[in-house]
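Student: Could we go through this model together, one question at a time?

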Amino acid sequence: MSHADLLARHRQVMPSWLGLYYEQPIEIVRGSGCRVTDAEGREYLDFFAGILTNMLGYDVPEVRAAIEAQVATGVLHTSTLYLIGNQVELAEKIAERSGIPDAKVFFTASGSEAIEAALLLCTQYRQSNSILALRNSYHGRSFATMAVTGNRGWSASSLSPVNVSYAQSGYRYRSSFGHLDDAAFIEACSADLREVIDTTTARDVACLIAEPIQGVGGFTVPPDGLLGAYQDILLEQDILYVSDEVQTGWGRTGEHFWGYQAHGVAPDVLTFAKGLGNGLTIAGIVARAEVMDCLSANSISTFGGNPLSTAAGLATLAYLTSHDLQANAHKIGGQLLAGLRDLVDSVPAVGDVRGKGLMIGVELVRPGTKTPDTTAAARVLEATREAGLLIGKGGLYGNVLRIAPPLTLTDADAAQGLQILRTALTDLT
Ligand SMILES: Cc1ncc(COP(=O)(O)O)c(C=O)c1O
């Protein structure tokens, strides 16, 4: 079936708010390594990995074998009413790596559901529905997660089970404190957090939730230490800290296994999703036992941590560790970043290039201004696809290119993708 035919059927039966990339959207039907093929036979290098989810790339033999072995047992699902060996083993491994003392793990079926669980724990533990979140954040599509999302473009409703106050995100390029050096920037943001707590909250506050690098928000990277400075303030009032690692987890930032580790914070709760199953549905939270066990009613997630997803999760984690993909993200991400940074000076439409590891954002603006240029971002997306490269898009105004390939990206594939990107960006001049 042609893409045009499938698009017509899609438009008929799928919601209008489910955005598709490209003037002529594509269906990806095959994949191997960091390359995919569409339904009309075109091959692409994939630098967005199903929104950072195909963390190891496509058709990884070790992950396929683990999935096939589980399928061969005839048991894809049992429910959490029964013991699940894969689930317990994966929980042990994640707890150990989380950096959270006395950690317990709860598996869910999506990132949104994981954030919901984190908010439930914090609000119950602290007996408060008051939450701090960051401007320009994204935490999911359910009511509570939308409520802590600081981006109008992703907030389809103002209904909320929580009262939310928004602190500075550390998005330096568009911050009113952007001209300050790191130390002064952190001080200004911290003073603002104090003011937000003092002026917009009442009684106890349950938690602050933050992405260490904002994903949907356009891969905005705060100065290292900002979130640690925030936590110093939170600790004065026993406010819990939730690190949303849905995009930053598993070594993607290169320097660290979790994004929070760049900040000297110790999260009370950590949320994960996306890459862990390398495409299979798995997400969850890690929390100190005291916080995790604070619920007084039953709570389950039917599909959370099922035998199939956890088999894939175990194989993915084993592969990630044995191939030291965090180190690869650091090395290859550094090469990509270095290969793009000079465009800030040579291409007037490139306002900012930022990132860590394999999370790189290129913010496009009208030349000579900081006015977001959404049209230029769309043009680059089309041009790169035309040249055989898939990338992502994001940011508050949809003007930030997002580059987040599988963590297995090789030097040769990185060089090829970089060349395509540079050509498409240079063509904006
Ligand atoms: C940081 C962050 N948190 C939560 C979510 C929600 O995850 P899901 O789409 O699996 O519900 C996302 C999804 O992009 C995310 O980027």
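Tutor: Residues are numbered from 1 along each chain as its sequence is written. This is a predicted model, in which local features need pLDDT of at least 70, side-chain atom pairs count only at pLDDT 80 or more, and totals for chains, interfaces and linings use all residues.

Student: Which strands stand at the edges of the open sheet?

Tutor: The open sheet has 7 strands with mixed pairing, in the order β4-β10-β9-β8-β7-β5-β6, where strands are DSSP runs of E of at least two residues, helices are runs of H or I of at least four, both numbered from the N terminus, and two strands pair if DSSP finds at least two bridges between them. Each edge strand has a single partner strand, so one side of it is left without a neighbour in the sheet; these are β4 (103-108) and β6 (163-167).

Student: Which exposed residues does the face of α7 turned away from its buried side carry?

Tutor: The buried residues of α7 (residues 182-200) are Phe185, Ile186, Cys189, Leu193 and Ile197. Because they cover an arc of only 110 degrees around the axis, they lie on the same side of α7, the arc being that of the directions from the helix axis to the C-beta atoms. The face turned away carries Ala183, Ala184, Glu195, Asp198 and Thr199.

Notes: Expected span 1.5 Å × (residues − 1). Buried ≥ 20, exposed ≤ 12 C-beta atoms within 10 Å, placed from the backbone.
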